[in-house]
Amino acid sequence: MNHITDLLNFMDRSPVNFWAVDTCRNLLESAGFRELDMRDNWTLAAGDRRYVVQNGSAVFAFIVGSDGPGAAFDIIAAHSDSPGFRLKPNCAIRCEGGTVKLNTEVYGGPILYTWFDRPLSVAGRVALRGKDPLRPDLRLMRVDRPLLVIPHLAIHFNRSVNDGNKLSRQKDMLPVVALDCNDAAGIIPAVISQTLDVDPAEILDYDLSLYSCQPAATVGLENEMVMSGRLDDLSMVHAALTAMIAAADKPSGHTRVLAVFDNEETGSGTKQGAGSPILEHIFRRINACLGGMEQDFIRSVAASFMVSADNAHGLHPNYPEKFDPTNHPLLGGGPCIKVNANCKYMTDADSAAAFRRVCELAGVPCQSFVNHSDSAGGSTLGNILTSQLPLRGVDMGAPLWAMHSCCETASADDHISTIKAFTTFYSLY
Ligand code: ZN
(Lines give C-alpha, C1' and ligand atoms only; values in the text may rest on other atoms or scores of the structure.)
Protein backbone atom coordinates (compact mmCIF):
# COMPACT_ATOMS: atom_id res chain seq x y z
CA MET A 1 0.00 0.00 0.00
CA ASN A 2 1.39 3.43 -0.77
CA HIS A 3 1.89 6.00 1.98
CA ILE A 4 -1.06 8.18 0.99
CA THR A 5 -3.63 5.36 0.84
CA ASP A 6 -2.16 4.27 4.14
CA LEU A 7 -2.62 7.80 5.58
CA LEU A 8 -6.26 7.94 4.41
CA ASN A 9 -6.96 4.61 6.14
CA PHE A 10 -5.15 5.76 9.27
CA MET A 11 -7.28 8.92 9.42
CA ASP A 12 -10.55 7.03 8.91
CA ARG A 13 -9.65 4.57 11.65
CA SER A 14 -8.86 7.42 14.06
CA PRO A 15 -11.96 9.61 14.53
CA VAL A 16 -10.87 10.80 18.02
CA ASN A 17 -7.78 10.60 20.29
CA PHE A 18 -8.65 7.22 21.87
CA TRP A 19 -9.12 5.63 18.46
CA ALA A 20 -5.95 7.22 17.11
CA VAL A 21 -4.00 5.55 19.92
CA ASP A 22 -5.77 2.26 19.25
CA THR A 23 -4.81 2.52 15.57
CA CYS A 24 -1.19 3.13 16.60
CA ARG A 25 -1.35 0.19 18.99
CA ASN A 26 -2.49 -2.17 16.23
CA LEU A 27 0.23 -1.00 13.84
CA LEU A 28 2.89 -1.29 16.57
CA GLU A 29 1.76 -4.81 17.48
CA SER A 30 1.94 -5.91 13.82
CA ALA A 31 5.49 -4.55 13.71
CA GLY A 32 6.57 -6.63 16.72
CA PHE A 33 6.21 -4.00 19.46
CA ARG A 34 4.90 -5.28 22.79
CA GLU A 35 2.96 -3.31 25.39
CA LEU A 36 4.40 -2.50 28.82
CA ASP A 37 2.30 -1.47 31.80
CA MET A 38 3.64 1.32 34.02
CA ARG A 39 2.50 -0.72 37.07
CA ASP A 40 4.72 -3.71 36.22
CA ASN A 41 8.41 -4.33 36.67
CA TRP A 42 10.18 -3.98 33.36
CA THR A 43 13.18 -5.85 31.98
CA LEU A 44 14.64 -4.46 28.78
CA ALA A 45 17.50 -5.33 26.46
CA ALA A 46 18.97 -3.67 23.38
CA GLY A 47 16.74 -4.06 20.34
CA ASP A 48 13.52 -4.57 22.33
CA ARG A 49 10.47 -2.95 20.72
CA ARG A 50 8.06 -1.78 23.38
CA TYR A 51 5.25 0.72 23.93
CA VAL A 52 3.28 2.23 26.79
CA VAL A 53 -0.28 3.52 26.55
CA GLN A 54 -1.31 6.23 29.00
CA ASN A 55 -5.03 6.82 29.67
CA GLY A 56 -5.89 5.13 26.36
CA SER A 57 -5.19 8.45 24.64
CA ALA A 58 -1.38 8.80 24.58
CA VAL A 59 1.20 6.28 23.38
CA PHE A 60 4.97 6.06 23.77
CA ALA A 61 6.83 3.56 21.58
CA PHE A 62 10.54 2.87 21.71
CA ILE A 63 13.27 0.60 20.42
CA VAL A 64 15.99 0.14 23.02
CA GLY A 65 19.38 1.27 21.68
CA SER A 66 22.57 -0.77 21.97
CA ASP A 67 24.72 1.99 23.53
CA GLY A 68 23.66 0.88 27.04
CA PRO A 69 23.34 3.28 30.01
CA GLY A 70 23.61 6.88 28.84
CA ALA A 71 22.35 6.04 25.32
CA ALA A 72 20.83 9.04 23.55
CA PHE A 73 17.12 9.19 22.81
CA ASP A 74 16.15 10.10 19.25
CA ILE A 75 12.60 11.35 19.77
CA ILE A 76 9.72 12.35 17.53
CA ALA A 77 6.81 13.85 19.50
CA ALA A 78 3.31 14.60 18.22
CA HIS A 79 -0.24 14.76 19.58
CA SER A 80 -3.36 12.59 19.33
CA ASP A 81 -6.07 15.17 20.07
CA SER A 82 -7.93 17.57 17.77
CA PRO A 83 -10.34 20.44 18.42
CA GLY A 84 -14.04 19.59 18.37
CA PHE A 85 -17.00 18.93 20.65
CA ARG A 86 -17.43 16.65 23.65
CA LEU A 87 -20.76 15.38 24.91
CA LYS A 88 -21.57 16.77 28.33
CA PRO A 89 -23.05 14.49 31.03
CA ASN A 90 -26.88 14.46 30.94
CA CYS A 91 -26.58 15.79 27.41
CA ALA A 92 -30.07 15.18 26.00
CA ILE A 93 -32.33 18.23 25.54
CA ARG A 94 -35.90 17.58 24.43
CA CYS A 95 -37.35 20.36 22.25
CA GLU A 96 -40.84 20.99 20.89
CA GLY A 97 -42.45 18.00 19.18
CA GLY A 98 -39.89 15.55 20.55
CA THR A 99 -36.88 16.84 18.65
CA VAL A 100 -33.81 15.97 20.70
CA LYS A 101 -30.52 17.85 20.63
CA LEU A 102 -27.36 17.11 22.59
CA ASN A 103 -25.54 19.44 24.93
CA THR A 104 -21.85 19.65 24.08
CA GLU A 105 -18.75 21.47 25.27
CA VAL A 106 -16.12 22.79 22.89
CA TYR A 107 -12.72 21.08 23.10
CA GLY A 108 -9.77 23.27 22.06
CA GLY A 109 -10.18 25.82 19.28
CA PRO A 110 -12.21 24.44 16.36
CA ILE A 111 -13.41 26.65 13.46
CA LEU A 112 -17.01 26.41 14.61
CA TYR A 113 -18.90 26.95 11.37
CA THR A 114 -17.07 24.13 9.54
CA TRP A 115 -19.09 21.72 11.72
CA PHE A 116 -22.51 22.77 10.37
CA ASP A 117 -24.66 20.76 7.95
CA ARG A 118 -22.65 17.59 7.62
CA PRO A 119 -23.22 14.05 8.84
CA LEU A 120 -21.61 13.65 12.26
CA SER A 121 -21.30 10.83 14.74
CA VAL A 122 -19.76 10.08 18.14
CA ALA A 123 -16.68 8.16 19.20
CA GLY A 124 -14.51 7.83 22.28
CA ARG A 125 -14.62 5.60 25.31
CA VAL A 126 -17.19 4.41 27.79
CA ALA A 127 -16.63 3.45 31.43
CA LEU A 128 -18.58 0.37 32.50
CA ARG A 129 -19.01 -1.09 35.96
CA GLY A 130 -15.95 -3.24 36.74
CA LYS A 131 -14.98 -5.53 39.63
CA ASP A 132 -12.64 -2.94 41.18
CA PRO A 133 -14.55 0.25 42.07
CA LEU A 134 -11.55 2.43 41.23
CA ARG A 135 -10.87 0.63 37.92
CA PRO A 136 -13.95 0.74 35.69
CA ASP A 137 -14.04 -1.43 32.60
CA LEU A 138 -13.03 1.04 29.85
CA ARG A 139 -14.26 0.30 26.32
CA LEU A 140 -13.59 2.05 23.07
CA MET A 141 -16.76 3.09 21.33
CA ARG A 142 -17.52 4.36 17.86
CA VAL A 143 -20.97 4.76 16.37
CA ASP A 144 -20.05 3.85 12.83
CA ARG A 145 -22.89 5.61 11.04
CA PRO A 146 -24.14 9.20 10.68
CA LEU A 147 -26.03 9.97 13.89
CA LEU A 148 -26.08 13.76 14.30
CA VAL A 149 -26.32 17.05 12.45
CA ILE A 150 -25.74 20.67 13.53
CA PRO A 151 -28.19 22.47 11.25
CA HIS A 152 -27.36 26.06 10.33
CA LEU A 153 -30.03 28.77 10.47
CA ALA A 154 -31.52 29.46 7.01
CA ILE A 155 -30.22 32.63 5.35
CA HIS A 156 -33.81 33.96 5.25
CA PHE A 157 -33.65 34.53 9.01
CA ASN A 158 -30.32 36.33 8.86
CA ARG A 159 -29.71 38.07 5.53
CA SER A 160 -26.35 39.41 6.71
CA VAL A 161 -24.98 35.96 7.61
CA ASN A 162 -22.28 36.25 4.93
CA ASP A 163 -21.07 39.56 6.37
CA GLY A 164 -19.87 37.88 9.54
CA ASN A 165 -21.90 35.84 11.97
CA LYS A 166 -20.87 35.52 15.60
CA LEU A 167 -21.60 32.07 16.96
CA SER A 168 -22.50 31.02 20.50
CA ARG A 169 -20.94 27.72 21.53
CA GLN A 170 -23.91 27.01 23.79
CA LYS A 171 -26.77 28.10 21.50
CA ASP A 172 -25.69 27.66 17.88
CA MET A 173 -23.59 24.51 17.95
CA LEU A 174 -25.80 21.80 19.48
CA PRO A 175 -26.30 18.71 17.30
CA VAL A 176 -29.73 17.16 16.67
CA VAL A 177 -30.04 13.40 17.18
CA ALA A 178 -33.77 12.68 16.75
CA LEU A 179 -36.97 14.27 15.44
CA ASP A 180 -39.59 12.52 17.50
CA CYS A 181 -38.42 10.84 20.68
CA ASN A 182 -40.15 10.85 24.05
CA ASP A 183 -37.32 9.30 26.02
CA ALA A 184 -34.65 11.93 25.38
CA ALA A 185 -32.58 10.95 28.42
CA GLY A 186 -32.51 7.34 27.26
CA ILE A 187 -30.99 8.06 23.85
CA ILE A 188 -27.27 8.08 24.69
CA PRO A 189 -27.49 5.10 27.09
CA ALA A 190 -29.40 3.21 24.36
CA VAL A 191 -26.84 4.11 21.68
CA ILE A 192 -23.98 2.99 23.95
CA SER A 193 -25.77 -0.16 25.01
CA GLN A 194 -26.49 -1.15 21.39
CA THR A 195 -23.03 -0.27 20.10
CA LEU A 196 -21.17 -2.11 22.85
CA ASP A 197 -23.79 -4.78 23.43
CA VAL A 198 -23.97 -4.09 27.18
CA ASP A 199 -26.73 -3.61 29.74
CA PRO A 200 -27.49 0.14 30.15
CA ALA A 201 -27.25 -0.34 33.95
CA GLU A 202 -23.51 -1.11 33.50
CA ILE A 203 -22.77 2.29 31.92
CA LEU A 204 -21.21 4.62 34.48
CA ASP A 205 -19.68 7.39 32.35
CA TYR A 206 -18.20 8.31 28.98
CA ASP A 207 -15.62 10.44 27.15
CA LEU A 208 -17.40 10.85 23.81
CA SER A 209 -16.70 13.41 21.10
CA LEU A 210 -18.26 14.33 17.79
CA TYR A 211 -16.53 13.42 14.54
CA SER A 212 -17.28 14.06 10.89
CA CYS A 213 -18.40 11.01 8.92
CA GLN A 214 -16.76 12.35 5.76
CA PRO A 215 -13.90 9.98 4.90
CA ALA A 216 -10.38 11.25 4.19
CA ALA A 217 -9.77 11.79 0.47
CA THR A 218 -7.29 13.05 -2.08
CA VAL A 219 -8.34 16.01 -4.27
CA GLY A 220 -6.78 18.14 -7.00
CA LEU A 221 -5.81 17.82 -10.65
CA GLU A 222 -3.12 15.28 -9.82
CA ASN A 223 -4.64 14.14 -6.51
CA GLU A 224 -1.90 16.22 -4.97
CA MET A 225 -3.90 17.30 -1.90
CA VAL A 226 -5.13 15.29 1.06
CA MET A 227 -8.31 16.34 2.87
CA SER A 228 -9.38 15.05 6.27
CA GLY A 229 -10.36 16.16 9.71
CA ARG A 230 -7.57 15.90 12.34
CA LEU A 231 -4.59 16.09 9.94
CA ASP A 232 -3.27 18.30 12.76
CA ASP A 233 -1.69 16.31 14.24
CA LEU A 234 -2.55 12.77 13.15
CA SER A 235 -0.75 13.21 9.83
CA MET A 236 2.46 13.77 11.83
CA VAL A 237 1.63 10.79 14.08
CA HIS A 238 1.18 8.65 10.97
CA ALA A 239 4.44 9.88 9.43
CA ALA A 240 6.41 9.25 12.63
CA LEU A 241 4.93 5.81 13.21
CA THR A 242 5.51 4.78 9.59
CA ALA A 243 9.12 5.97 9.88
CA MET A 244 9.73 4.17 13.15
CA ILE A 245 8.44 0.89 11.76
CA ALA A 246 10.43 1.38 8.53
CA ALA A 247 13.64 2.03 10.48
CA ALA A 248 13.06 -0.64 13.16
CA ASP A 249 15.00 -3.44 11.45
CA LYS A 250 18.18 -1.34 11.29
CA PRO A 251 19.97 -1.61 14.65
CA SER A 252 20.82 1.66 16.40
CA GLY A 253 22.99 2.62 19.35
CA HIS A 254 20.44 5.28 20.26
CA THR A 255 17.04 4.52 21.75
CA ARG A 256 14.45 5.59 19.20
CA VAL A 257 11.27 7.03 20.66
CA LEU A 258 7.86 7.99 19.32
CA ALA A 259 5.84 10.05 21.84
CA VAL A 260 2.20 10.77 21.03
CA PHE A 261 0.76 12.99 23.75
CA ASP A 262 -2.87 13.93 24.34
CA ASN A 263 -4.38 17.32 25.18
CA GLU A 264 -1.98 19.52 23.22
CA GLU A 265 -4.99 21.55 22.08
CA THR A 266 -5.88 22.49 25.64
CA GLY A 267 -2.39 23.25 26.96
CA SER A 268 -0.94 19.75 27.66
CA GLY A 269 -1.66 19.95 31.39
CA THR A 270 -2.91 16.39 32.00
CA LYS A 271 -1.29 13.12 33.05
CA GLN A 272 -1.30 12.07 29.38
CA GLY A 273 -0.14 15.49 28.13
CA ALA A 274 3.34 16.84 27.46
CA GLY A 275 3.21 18.80 30.73
CA SER A 276 3.25 15.57 32.76
CA PRO A 277 6.45 13.71 33.71
CA ILE A 278 5.33 10.57 31.82
CA LEU A 279 8.11 10.65 29.22
CA GLU A 280 10.71 11.37 31.88
CA HIS A 281 9.45 8.38 33.87
CA ILE A 282 9.75 6.15 30.81
CA PHE A 283 13.27 7.40 30.08
CA ARG A 284 14.37 6.83 33.68
CA ARG A 285 13.04 3.30 33.58
CA ILE A 286 14.74 2.47 30.29
CA ASN A 287 18.00 3.75 31.75
CA ALA A 288 17.51 1.81 34.99
CA CYS A 289 16.65 -1.40 33.09
CA LEU A 290 19.97 -1.08 31.25
CA GLY A 291 21.80 -0.81 34.59
CA GLY A 292 22.24 2.96 34.42
CA MET A 293 22.60 5.31 37.38
CA GLU A 294 21.10 8.80 37.78
CA GLN A 295 24.19 10.22 36.12
CA ASP A 296 23.56 8.03 33.04
CA PHE A 297 19.99 9.29 32.79
CA ILE A 298 21.24 12.88 32.73
CA ARG A 299 23.89 11.92 30.14
CA SER A 300 21.12 10.40 27.99
CA VAL A 301 19.00 13.53 28.09
CA ALA A 302 22.02 15.69 27.25
CA ALA A 303 22.84 13.50 24.25
CA SER A 304 19.25 13.37 22.93
CA PHE A 305 17.45 15.19 20.14
CA MET A 306 13.73 15.76 19.73
CA VAL A 307 11.67 16.50 16.66
CA SER A 308 8.46 18.13 17.88
CA ALA A 309 6.20 17.37 14.93
CA ASP A 310 3.07 19.50 14.64
CA ASN A 311 1.66 20.97 11.45
CA ALA A 312 2.51 24.45 10.16
CA HIS A 313 0.40 26.90 8.14
CA GLY A 314 0.90 26.80 4.37
CA LEU A 315 0.58 29.99 2.33
CA HIS A 316 -3.13 30.42 1.59
CA PRO A 317 -3.70 31.63 -1.97
CA ASN A 318 -6.66 33.80 -0.86
CA TYR A 319 -4.84 35.44 2.06
CA PRO A 320 -1.15 35.96 1.18
CA GLU A 321 -1.15 39.15 3.31
CA LYS A 322 -1.60 37.06 6.48
CA PHE A 323 1.80 35.42 6.03
CA ASP A 324 5.37 36.46 6.72
CA PRO A 325 6.89 38.21 3.69
CA THR A 326 9.95 35.96 3.48
CA ASN A 327 8.97 32.74 5.29
CA HIS A 328 5.64 31.52 3.96
CA PRO A 329 5.84 27.79 3.24
CA LEU A 330 3.94 26.35 0.29
CA LEU A 331 1.84 23.21 0.29
CA GLY A 332 4.02 20.81 -1.67
CA GLY A 333 7.26 22.59 -0.74
CA GLY A 334 8.25 20.10 1.96
CA PRO A 335 8.21 19.94 5.75
CA CYS A 336 8.65 23.28 7.59
CA ILE A 337 10.93 24.24 10.44
CA LYS A 338 8.93 26.48 12.78
CA VAL A 339 10.71 29.47 14.30
CA ASN A 340 9.57 32.00 16.90
CA ALA A 341 11.72 34.73 18.44
CA ASN A 342 9.76 34.55 21.70
CA CYS A 343 10.46 30.83 22.06
CA LYS A 344 6.92 29.51 21.48
CA TYR A 345 8.78 26.91 19.44
CA MET A 346 11.88 25.07 20.66
CA THR A 347 13.76 25.66 17.40
CA ASP A 348 17.08 27.51 17.44
CA ALA A 349 19.89 27.69 14.89
CA ASP A 350 21.53 24.60 16.40
CA SER A 351 18.43 22.40 16.13
CA ALA A 352 17.20 23.89 12.83
CA ALA A 353 20.59 23.18 11.26
CA ALA A 354 20.42 19.60 12.50
CA PHE A 355 16.97 19.08 10.98
CA ARG A 356 18.04 20.71 7.70
CA ARG A 357 20.83 18.13 7.51
CA VAL A 358 18.30 15.34 8.12
CA CYS A 359 16.17 16.62 5.21
CA GLU A 360 19.26 16.95 3.04
CA LEU A 361 20.29 13.35 3.78
CA ALA A 362 16.71 12.21 3.10
CA GLY A 363 16.76 14.05 -0.24
CA VAL A 364 13.67 16.11 0.58
CA PRO A 365 13.07 19.88 0.51
CA CYS A 366 12.68 21.82 3.74
CA GLN A 367 10.95 25.18 4.33
CA SER A 368 10.82 27.75 7.13
CA PHE A 369 7.69 28.96 8.86
CA VAL A 370 7.66 32.18 10.87
CA ASN A 371 4.51 34.06 11.88
CA HIS A 372 3.65 37.42 10.34
CA SER A 373 4.92 39.75 13.07
CA ASP A 374 1.47 41.30 13.63
CA SER A 375 -0.16 37.94 14.44
CA ALA A 376 0.34 35.97 17.63
CA GLY A 377 0.42 32.48 16.10
CA GLY A 378 0.19 29.20 18.00
CA SER A 379 2.47 27.21 20.22
CA THR A 380 2.99 23.48 20.61
CA LEU A 381 4.17 20.73 22.92
CA GLY A 382 7.92 21.00 22.29
CA ASN A 383 8.45 23.83 24.74
CA ILE A 384 6.19 22.34 27.37
CA LEU A 385 8.21 19.14 27.24
CA THR A 386 11.53 20.98 27.43
CA SER A 387 10.44 22.57 30.71
CA GLN A 388 10.53 18.98 32.09
CA LEU A 389 13.50 17.65 30.15
CA PRO A 390 16.14 20.04 28.79
CA LEU A 391 16.21 18.44 25.34
CA ARG A 392 17.78 19.87 22.20
CA GLY A 393 15.21 19.86 19.47
CA VAL A 394 13.30 21.40 16.63
CA ASP A 395 9.66 22.29 16.06
CA MET A 396 8.54 21.31 12.59
CA GLY A 397 5.53 20.10 10.65
CA ALA A 398 4.07 19.75 7.17
CA PRO A 399 2.06 22.82 6.09
CA LEU A 400 -1.76 22.76 6.19
CA TRP A 401 -4.63 24.92 5.07
CA ALA A 402 -7.59 25.54 7.37
CA MET A 403 -5.93 24.25 10.55
CA HIS A 404 -8.64 23.33 13.11
CA SER A 405 -11.35 23.12 10.46
CA CYS A 406 -13.57 20.06 10.56
CA CYS A 407 -11.74 19.16 7.32
CA GLU A 408 -8.15 20.34 6.77
CA THR A 409 -6.03 20.22 3.59
CA ALA A 410 -2.41 19.10 3.22
CA SER A 411 -0.08 18.09 0.39
CA ALA A 412 0.48 14.41 -0.47
CA ASP A 413 4.11 15.09 -1.49
CA ASP A 414 4.84 16.84 1.81
CA HIS A 415 3.55 13.81 3.68
CA ILE A 416 5.86 11.49 1.76
CA SER A 417 8.78 13.89 2.31
CA THR A 418 8.03 13.99 6.03
CA ILE A 419 8.04 10.19 6.23
CA LYS A 420 11.42 10.14 4.42
CA ALA A 421 12.88 12.78 6.75
CA PHE A 422 11.64 10.92 9.84
CA THR A 423 12.93 7.57 8.55
CA THR A 424 16.34 9.15 7.99
CA PHE A 425 16.24 10.67 11.49
CA TYR A 426 15.53 7.27 13.04
CA SER A 427 18.28 5.65 10.93
CA LEU A 428 21.16 8.05 11.68
CA TYR A 429 23.00 6.13 14.43
ZN1 ZN B 1 -1.30 20.50 16.43
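The following questions and answers cover the fold, sheets and selected contacts of this predicted model.

User: How are residues numbered, and what pLDDT do local features need?
Analyst: Residues count from 1 along each chain as its sequence is written, and side-chain values use heavy atoms, with hydrogens and water left out. Side-chain atom pairs count only at pLDDT 80 or more, totals for chains, interfaces and linings use all residues, and local features need pLDDT of at least 70.

User: How many helices and strands does the protein have?
Analyst: Helices (H or I, at least four residues) and strands (E, at least two) are DSSP runs, numbered from the N terminus. On that basis the secondary structure comes to nine helices and 20 strands.

User: What is the radius of gyration of the protein?
Analyst: The C-alpha atoms fill a box of roughly 70 × 60 × 40 Å along the principal axes. The globule rule (2.2 Å times the number of residues to the power 0.38, with the radius taken over C-alpha atoms) gives 22 Å for 429 residues. The protein is close to that value, so it is as compact as a globular protein of that length; its radius of gyration is 22 Å.

User: Which strands stand at the edges of the sheet of nine strands?
Analyst: Strands pair if DSSP finds at least two bridges between them. The open, mixed sheet has the order 1-2-3-13-4-14-18-16-17. Each edge strand has a single partner, so one side is left without a neighbour in the sheet; the two are strand 1 (34–36) and strand 17 (367–370).

User: Which residue stands opposite glutamate 35 in strand 2?
Analyst: Strand 1 and strand 2 (residues 49–54) run parallel and are joined by three bridges. In strand 2, the residue opposite glutamate 35 is tyrosine 51.

User: What angle does helix 5 make with strand 13?
Analyst: Helix 5 (residues 278–289) packs on the sheet, with contacts (heavy atoms within 4.5 Å) to strands 2, 3, 4 and 13. Axes are lines fitted to C-alpha atoms, for helices over the stretch in contact, and angles run from 0 to 180 degrees between N-to-C directions. The angle with strand 13 is about 155 degrees.

User: Which residue is the bridge partner of methionine 227?
Analyst: The open sheet of five strands has the order 11-12-20-19-15 with mixed pairing. Within this sheet, strand 12 (residues 225–228) and strand 20 (residues 408–411) run antiparallel, joined by four bridges. The partner of methionine 227 in strand 20 is threonine 409.

User: At what angle does helix 4 run to strand 20?
Analyst: Helix 4 (residues 231–247) includes aspartate 233, which is joined to aspartate 232 by a cis peptide bond with omega about 15 degrees. Helix 4 lies across strand 12, strand 19 (399–401) and strand 20, and its angle to strand 20 is about 35 degrees.

User: How many residues apart in sequence are arginine 125 and aspartate 207?
Analyst: A salt bridge is a side-chain nitrogen of Lys or Arg within 4 Å of a carboxyl oxygen of Asp or Glu, and the whole structure has 15. The side chains of arginine 125 and aspartate 207 meet in one at 2.8 Å, N to O. Arginine 125 lies in strand 7 (residues 120–128) and aspartate 207 in strand 10, so the pair ties together parts that are apart in sequence by 82 residues.

User: Where is aspartate 197 found?
Analyst: Phi of aspartate 197 is near 60 degrees, a positive value in a residue other than glycine. Aspartate 197 is in the loop between helix 3 (187–196) and strand 10 (203–212).
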